[in-house]
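Hi,

Here's the structure I promised to pass along. Have a look at it first, and my notes on what turned up follow below.

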Amino acid sequence: MGETIAALSVPLVVSLAGLLMLFGKQDYFSAFIQGATDGLKTLVRLLPTLCALLVAVSMLSASGAVELISRLLSPVASLIGLPTELLPFLLTRAFSGSASTAAFTDLLSHVGADSLAGLCASVIFGSSDTLVYILSVYFSSVGIRKTRHAFPCALATMLFCIFFSCFLCRLWFF
Amino acid sequence: MLGKVFGVLCLISLITAILSGNVVSLGSAVLDGARSALDVSLSLCGMMCLWCGILEVLRRAGWIDKLSRLLSPLLRLIFPNAYRTKHGIREISACISANLLGIGNAATPFALSAMEEMQKDNPDKEKAGDEQITFAVLNTASLTLLPANLLALRRAAGSDRPYAILIPVWITSLACTAVALLLTSLPRLLRLPLSGKGARTAAKRRRR
């Protein structure tokens with residue numbers, strides 16, 4: 001039911017634009033073309049940033065750093081009450097959507113989607129995003145180099161998200 | 001800032017690759033990463049064209065204006081400057097609506113247009129404005145009513161109750177949004193430029 005609504009929202013919005021082009025008084029198709037062209041220009045400005053970011057992320061996942069840091073951090077995590085299985089997922093969440101999705105499915109298949117770690121990971125997956133990707137794409141698309149307090153704030157928000165979800169899952173499900 | 005992120009990631013990868021004997025795969029990873037930049041941009045390309053085009057259509061029809069008037073009680077508090085100058089407020093409301101509706105891939109194009117509009121009011125084009133930072137950090141907290149991707153992944157993993165996490169996700173998203181809002185507006189509320197250089201030039205200006 002819910003997934004049908006979500007799947008329907010995209011075609012609905014697109015058809016809305018289509019209806020405007022059919023019955024509207026202005027030339028809405030040329031408006032579409034103009035918007036699309038502007039979008040394309042933004043994307044061209046973005047490509048160099050994406051290249052740098054994805055090379056760094058690809059190096060990180062190939063180097064085995066995530067496994068190594070997870071192993072190093074697991075005593076700390078169990079000390080503060082974080083399920084240690086979460087670490088590979090948490091470490092990739094900030095950088096890369098594809099790597100963290102892979103870590104997430106891996107985690108669910110190992111510990112089960114309805115275990116404490118699986119539920120915590122699900123809540124974190126739903127309420128956080130790949131912050132390094134988002135911030136660098138947003139700021140570099142308009143040519144901003146000095147991001148001031150954006151990265152510290154986003155990191156702090158994500159840390160809060162991690163602890164809050166684990167706390168909430170313990171209260172909510174167990 | 002991205003330079004620092006790049007440097008730190010490269011350094012960590014190099015050291016751990018040497019420590020764990022993954023040096024050979026590191027070389028091919030560089031090339032893979034560069035190629036995946038093209039893959040990602042190609043898939044983004046269609047999205048950008050489609051959603052920026054539709055945004056322009058809806059904007060000319062005046063519907064985005066109606067949407068932003070609907071959201072204005074909230075937006076004028078969070079983005080007072082964009083609200084006053086009308087630069088970016090429409091795109092911000094479109095972005096928020098797309099997120100709430102679960103059209104995640106439309107949110108990025110809308111957000112990028114919002115950043116571009118807000119850049120018009122940014123006095124220093126190379127330095128992020130306060131409201132641009134608030135907007136970007138708010139987007140990392142991803143407020144979504146129906147995280148379709150997450151539900152599909154949970155169902156694929158064989159969960160008995162894929163929907164059970166929905167309300168905790170909403171609560172956490174709301175809490176994270178509040179924290180992001182609080183953190184990013186602290187410097188603005190206190191009128192304290194955080195970066196050292198900014199603080200110094202501000203002090204100099206005051207002395208003059």
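Let's start where the two chains meet: 83 residues of chain B are in contact with 85 residues of chain A. On the chain B side, the helices that each put in at least two residues are H1 (2-20), H2 (23-60), H6 (104-119), H7 (130-140), H8 (148-156) and H9. H2(B) gives the largest share of that side, with 23 residues. By class, the residues of chain B that touch chain A come out as 53 nonpolar, 20 polar and ten charged.

Before you read too much into any of this, keep in mind that it's a predicted model. Its scores are ipTM 0.90 and pTM 0.88. For chain B, the mean pLDDT is 86, with 91% of the residues at 70 or more.

The crossing of H6(A) over H9(B) is right-handed. If you want to select the residues that make this contact, take Val123(A), Gly126(A) and Ser127(A) from H6(A), plus Pro168(B), Val169(B), Thr172(B), Ser173(B) and Cys176(B) from H9(B). Sorted by class, that contact has four nonpolar residues, four polar ones and no charged ones.

As for chain B by itself, it has ten helices and zero strands, so in sequence order the pattern simply reads α-α-α-α-α-α-α-α-α-α. Along the principal axes, the C-alpha atoms of chain B fill a box of roughly 55 × 50 × 35 Å. Of the 208 residues in chain B, 41% are buried. And if you take the contacts in chain B with a separation of 6 or more, 58% of them are between residues 24 or more positions apart.

That's what I have for now.

Cheers

Technical notes
Residues are numbered from 1 along each chain as its sequence is written. Chains are lettered from A and ligands numbered from 1 in the order in which they are written. This is a predicted model: local features need pLDDT of at least 70, side-chain atom pairs count only at pLDDT 80 or more; totals for chains, interfaces and linings use all residues. A crossing is left-handed if the near helix is turned anticlockwise from the far one by less than a right angle, and right-handed if clockwise. Helices (H or I, at least four residues) and strands (E, at least two) are DSSP runs, numbered from the N terminus. Two residues are in contact if their C-beta atoms, placed from the backbone, lie within 7 Å. Ala, Val, Leu, Ile, Met, Phe, Trp, Tyr, Cys and Pro count as nonpolar, Asp, Glu, Lys and Arg as charged, and the others, Gly among them, as polar. pLDDT is the predictor's confidence in each residue, from 0 to 100. A residue is buried if 20 or more other C-beta atoms lie within 10 Å of its own, exposed if 12 or fewer, and partly exposed in between; C-beta atoms are placed from the backbone.
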